[in-house]
Amino acid sequence: MNISKPFSIGFIGLGLIGGSIAKSIRRIFPHYTITAFDVDTRALNSAVSEGIIDVPVTQINDHFSQCDYIFLCAPVHYNIQYLSTLKTLIKPDCILTDVGSVKTDIYQAVLDMGLSDAFIGGHPMVGSERSGYAAAHDHLIENAYYFITPSSSVRQERVEEFCTFIEDLGAIAIVYSPARHDQTTAYISHIPHIIASGLVNLVREHDDAKGMYRQLAAGGFKDITRIASSNPLIWEHILLSNPANIIAGLEEYIEELQQVIQAIHKRDQHHIHQFFQNAQSYRDSIPNNATGVIRMNYEIFVDIPDEPGSIEGVIHNISSEGINLKNLGISHNREDEEGVLRISFYTNQDAINAADLLREQNYTVYER
């Protein structure tokens, strides 16, 4: 993005998404001025101490009046509330954008407030089971799809400029209408989060006094329900902002489950087999090299001997090459995975490099 004048960017909310975008901007455009508001003063203090933001504020005020772009990174309904304040502050050529996974409500608010000429919605298809600024990192949106949902009246050259900026940060810009975006994210993000939380609650309700279900719930169960650890407030806002699409999708999902139930009752082998066959074929066709809103752990599994120093040896081999670990643990339930040592990384490339390195050292490594 070639901008000769000093460029200023504001953030309303400095959590996982806002903090990660701010860190990306600081890494790629180190001379830009970054102003940030958050009710969490610890997040602001951390961002200042790390050199990520220049101007921390605890109220939305005139500090935002010179911003060229302002990212709204709070939960959906809070972003709408902040719009009325920002309307009185922003300069005429400022672009407002958000990062919310629902667009219908905020676009109606933008229209009602007469801000359509200044609004280009956005939604990076990233996420994590962790939240807050402490979980933010400067490569979160790299190689991730980033929806761009411009209002109908914003100038096309401003949309192209913003798309270029997002791509300069390493993301992959996709221009969608707000309505198409909301339907898409309902099926690939919102409904899966509801299903994951429902599965967790199902197991919770059937657990015994000793918590054995919890103890045994590793492997496949823990993997497919990881997203149930997401921030409840954010998901409360999402469900109440995209009800029609979410309800329609859930009703279709319930109907599909009813068909499976009937097939089991009738011992319909063909239907049962086809159910799993169709899912397997489609799931296997999903690319592994793109960052998605659900899959944020890049993992490998390593066979190690049960002897002193074996784990330390793996860690030493990886860290000696400058590869950053995100987490590691022992897999006691390996029904859906191989390898006793489970290691996760911040990037897919780190996972690939670590797997190659360990294989060179004659370790047996499995990848998802």
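Contact here means heavy atoms within 4.5 Å. The structure is a predicted model. In this model, helix α6, residues 178–206, lies across β6 and β7. The helix runs at about 145° to β7.

The two strands under discussion belong to an open sheet. Three strands form this sheet, in the order β6-β7-β8. The pairing is mixed. β6 (120–124) and β8 (172–175) are the edge strands, and each pairs on one side only. From one strand to the next, the twist averages 25°. Strands of a sheet pair through backbone hydrogen bonds, either parallel or antiparallel. For β6 and β7 (residues 145–150), the sense is antiparallel, and the pairing extends over five bridges. Within this pair, Ile 120 has Pro 150 in β7 as its bridge partner.

A helix pair was examined next. Two packed helices are described by the angle between their axes and the distance between the axes. The helices concerned are α3 (residues 76–87) and α9 (residues 232–241). Their axes come within 7 Å and cross at roughly 80°. α3 is therefore roughly perpendicular to α9, since angles of 65 to 115 degrees count as such. On the α3 side, the contact is made by Val 76, His 77 and Tyr 78. On the α9 side, Leu 233, His 237, Leu 240 and Ser 241 take part. By residue class, the contact of α3 with α9 comprises four nonpolar and three polar residues.

Key: Residues are numbered from 1 along each chain as its sequence is written. This is a predicted model: local features need pLDDT of at least 70, side-chain atom pairs count only at pLDDT 80 or more; totals for chains, interfaces and linings use all residues. Side-chain values use heavy atoms; hydrogens and water are left out. Two strands pair if DSSP finds at least two bridges between them. Helices (H or I, at least four residues) and strands (E, at least two) are DSSP runs, numbered from the N terminus. Axes are lines fitted to C-alpha atoms, for helices over the stretch in contact, and angles run from 0 to 180 degrees between N-to-C directions. Angles under 35 degrees count as roughly parallel, over 145 as roughly antiparallel, 65 to 115 as roughly perpendicular and the rest as oblique. Ala, Val, Leu, Ile, Met, Phe, Trp, Tyr, Cys and Pro count as nonpolar, Asp, Glu, Lys and Arg as charged, and the others, Gly among them, as polar.
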